[in-house]
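Here is a friendly note to read alongside the model. Take the points in order and find each residue as you go.

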Amino acid sequence: MDTFPRSPNGFLAALSDSDFELIRQHLRTIELVADTVLVETDEMLNRIYMPHKGVISLVVKLAKGERVQVAMVGRDSLYGAFTPLVEARVLNNAVVLVPGACSAIEVGALRAAAGASPTLRAALIRHGLAVYAQIQQTAGCNAAHTVESRLARCLLHTRDLSGSNKIVLTQEAMAQMIGARRNSVSLVAHTLQQANFIHYSRGHIEITNVDGLMRTSCECYAAVKAQYAGLLQGEDAGG
């Protein structure tokens, strides 16, 4: 059995000692392998994922086969926050965007723990609402902002969630992230590289100027960070 002191995952790290103890023995560490589909639309989610590093992409598949990312989950949160509270089929695909590792727990075990603890239920609700807020902001962003500002936003967000300035993303993955065509992404990535904000070669991206990317990004990057902070700020009171 794995032993868990405290976790690099923000959700787990913020739990009170008593809440963490409710789930500690059920946690397992698993690898997040790039492009792995964790669950598909209309399936039941059987396992909750809490990344230590790496990023999970929530993707909507459209009728003509297009795939558009609506949110990302990384080391600050968990994928499947509402599932232990409401039994329902998932509304989007969950795909590993950036490889890494995570803590995982079976839905039934987390549901039982949440049933025994109002504070654990409240934490799950806050994290679920934070992801929902990100989905709303992403929808508005993709409809209103330029490809360049959207790509800058997504690169900054991916950096925050993965904890690294170096990211592996194909043009197809970036196009999916911002709801744009691959040729548009190629042109914009070249522009960001010419500005010395990133170095990009064969799917390998290194962010070399965070401030420059932040100036290029739309307000949605800061808005999502503020929404997360507002929803999750009460967690540090546990303990």
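**Notes on the cores, a helix pair and some loops**

1. The largest nonpolar core has 39 residues, and those with the most contacts inside it are F11, I23, M50 and Y79. A nonpolar core here is a set of buried Ala, Val, Leu, Ile, Met, Phe, Trp, Tyr and Cys residues joined through side-chain atoms within 4.5 Å. Buried means under 20% relative accessible area, exposed over 50%, and partly exposed in between (1.4 Å probe, protein chains only). Another core lies apart from that one; this core has 29 residues, among them V55, A152, A173 and V185.

2. Before going on, please keep in mind that this is a predicted model, in which local features need pLDDT of at least 70 and side-chain atom pairs count only at pLDDT 80 or more, while totals for chains, interfaces and linings use all residues. Residues are numbered from 1 along each chain as its sequence is written, and side-chain values use heavy atoms, with hydrogens and water left out.

3. Which residues does Y79 touch, leaving aside its neighbours within four places in sequence? Its contacts (heavy atoms within 4.5 Å) include V39, L45, I48, Y49 and I56. L58, V73, V90, N92 and A94 are also in contact with Y79.

4. Now look at a helix pair. Two packed helices are described by the angle between their axes and the distance between the axes. Helix 4 (residues 118–144) packs against helix 9 (residues 220–232) at an angle of about 165°, and their axes are 9 Å apart. Helices are DSSP runs of H or I with at least four residues, strands are runs of E with at least two, and both are numbered from the N terminus. The pair is therefore roughly antiparallel, a term for angles over 145 degrees.

5. Where do these two helices meet? On helix 4 the residues include R126, L129, Q134 and C141, and on helix 9 they include C220, V224, Y228 and L232. The residues of this contact divide into eleven nonpolar, four polar and one charged. Ala, Val, Leu, Ile, Met, Phe, Trp, Tyr, Cys and Pro count as nonpolar, Asp, Glu, Lys and Arg as charged, and the others, Gly among them, as polar.

6. Finally, visit some loops. D35, between strand 1 (28–32) and strand 2 (37–39), has a positive phi near 75° although the residue is not glycine. D35 is exposed, at 64% relative accessible area. N196 sits between helix 7 (182–194) and strand 7 (198–201); its phi, near 65°, is positive too, and N196 is exposed at 55%.

Key:
Axes are lines fitted to C-alpha atoms, for helices over the stretch in contact, and angles run from 0 to 180 degrees between N-to-C directions. Angles under 35 degrees count as roughly parallel, over 145 as roughly antiparallel, 65 to 115 as roughly perpendicular and the rest as oblique.
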